[in-house]
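Me: I have a model open and want to learn to read it feature by feature. Can you take me through it?

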Amino acid sequence: MALKRPQAPISAFSMSSMADVIFLLLIFFMITSTLIVPSALEVNLPQGTEQTVDKPATEVYIDSLSRLYLVTDRSDSVIDNRTPRIVDTEQLMASLKLMSNEGRLRSVALYADSTVPYATVVRVLDAASRADIKMVLATHPVSIK
């Protein structure tokens, strides 16, 4: 009588369930990344080739009517921590200088509408420079064809 030997256990690992999990994670991150609103105010930005990777915590907007808005991350506010408020140049520099002294100022992005006169943008950048505050001018990426 010939006895059959038991078959050797299969040592292969099925990766099909792992691929499903990774695919679902990829879909999740693609959907959630499109829900992020890049700016608090609608500003028609000019185009530029250089883009920053760092997301600034403080943003300054100049709309088409040359009004200045300051948007900061306020950790002490429970309801809405990204509310834009209208300021003039002196109030803007005083607020930025205060945040800089408190250590809450990482970087400042300037979002200026493309219809704003160049002199207005330079005035804000000059005031920030005199207050030893580094500002980055935000632009839309240039579409390369």
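Me: Where is Leu 92 found?

Reply: Leu 92 is found in helix α2. Helices here are DSSP runs of H or I with at least four residues, strands are E runs of at least two, and both are numbered from the N terminus. The model is predicted: local features need pLDDT of at least 70, side-chain atom pairs count only at pLDDT 80 or more, and totals for chains, interfaces and linings use all residues. Residues are numbered from 1 along each chain as its sequence is written, and side-chain values use heavy atoms, with hydrogens and water left out.

Me: Is Leu 92 buried or exposed?

Reply: Use the cut-offs: buried is under 20% relative accessible area, exposed is over 50%, and partly exposed lies in between (1.4 Å probe, protein chains only). Leu 92 has a relative accessible area of 0%, so it is buried.

Me: What is Leu 92 in contact with, beyond its neighbours within four places in sequence?

Reply: Contact means heavy atoms within 4.5 Å. With those neighbours left aside, Leu 92 touches Val 60, Leu 68, Leu 70, Val 87 and Val 124. Take Val 124: 32 residues separate it from Leu 92 in sequence, yet their C-alpha atoms are 8.9 Å apart.

Me: Which residues of α3 are buried?

Reply: Start with the general idea. An α-helix has 3.6 residues a turn, so residues three or four places apart point the same way. Now the case: Thr 120, Val 121, Val 124, Ala 127 and Ala 128 are the buried residues of α3. Down the axis of α3 they fall within an arc of 130°, so they line one face of the helix. That arc is taken from the directions from the helix axis to the C-beta atoms.

Me: What do those buried residues pack against, and what does the face turned away carry?

Reply: The buried residues of α3 pack against β2 (58-62), β3 (68-72), α2 (89-102), β5 (108-112) and β6 (135-137). The face turned away from the buried side carries the exposed residues Tyr 118, Ala 119 and Arg 130.

Me: How do I check the span of α3?

Reply: The expected span is 1.5 Å times one less than the number of residues. Helix α3 (residues 118-130) has 13 residues and should span 18 Å; its end C-alpha atoms are 18 Å apart, which agrees.

Me: What comes just after α3?

Reply: Asp 132 does, with a positive phi of about 60°. Ile 133 sits in the loop between α3 and β6. At 7% relative accessibility, Ile 133 is buried. Beyond its neighbours within four places, Ile 133 contacts Leu 96, Lys 97, Leu 105, Val 108 and Ala 128.

Me: Where is Thr 58, and is it buried or exposed?

Reply: Thr 58 is in strand β2. Its relative accessible area is 1%, so Thr 58 is buried. Its contacts, leaving aside neighbours within four places, include Leu 70, Leu 96 and Val 108.

Me: How many salt bridges are there?

Reply: General idea: side chains of opposite charge can pair when their charged atoms come close. The rule asks for a side-chain nitrogen of Lys or Arg within 4 Å of a carboxyl oxygen of Asp or Glu. By this rule the count is one salt bridge. Asp 63 and Arg 67 form it, at 2.8 Å, N to O. Asp 63 is buried at 10% relative accessibility, whereas Arg 67 is partly exposed at 37%.

Me: Which residues make the nonpolar surface patch?

Reply: Patch residues have over 30% relative accessible area and no salt bridge; nonpolar side chains (Val, Leu, Ile, Met, Phe, Trp, Tyr) are joined within 5 Å, like charges within 9 Å. Here Phe 23, Leu 24, Leu 26, Ile 27, Met 30 and Ile 31 make a patch of about 600 Å². Areas come from the Shrake-Rupley method with a 1.4 Å probe; for residues, only the protein chains shown count as cover. Met 30 lies in helix α1 (residues 16-34).

Me: How many helices and strands does the chain have?

Reply: Three helices and seven strands. From the N terminus, the order is α-β-β-β-β-α-β-α-β-β. Buried residues make up 30% of the 145 residues. The chain exposes about 11,100 Å², and carbon and sulfur atoms supply 61% of that.
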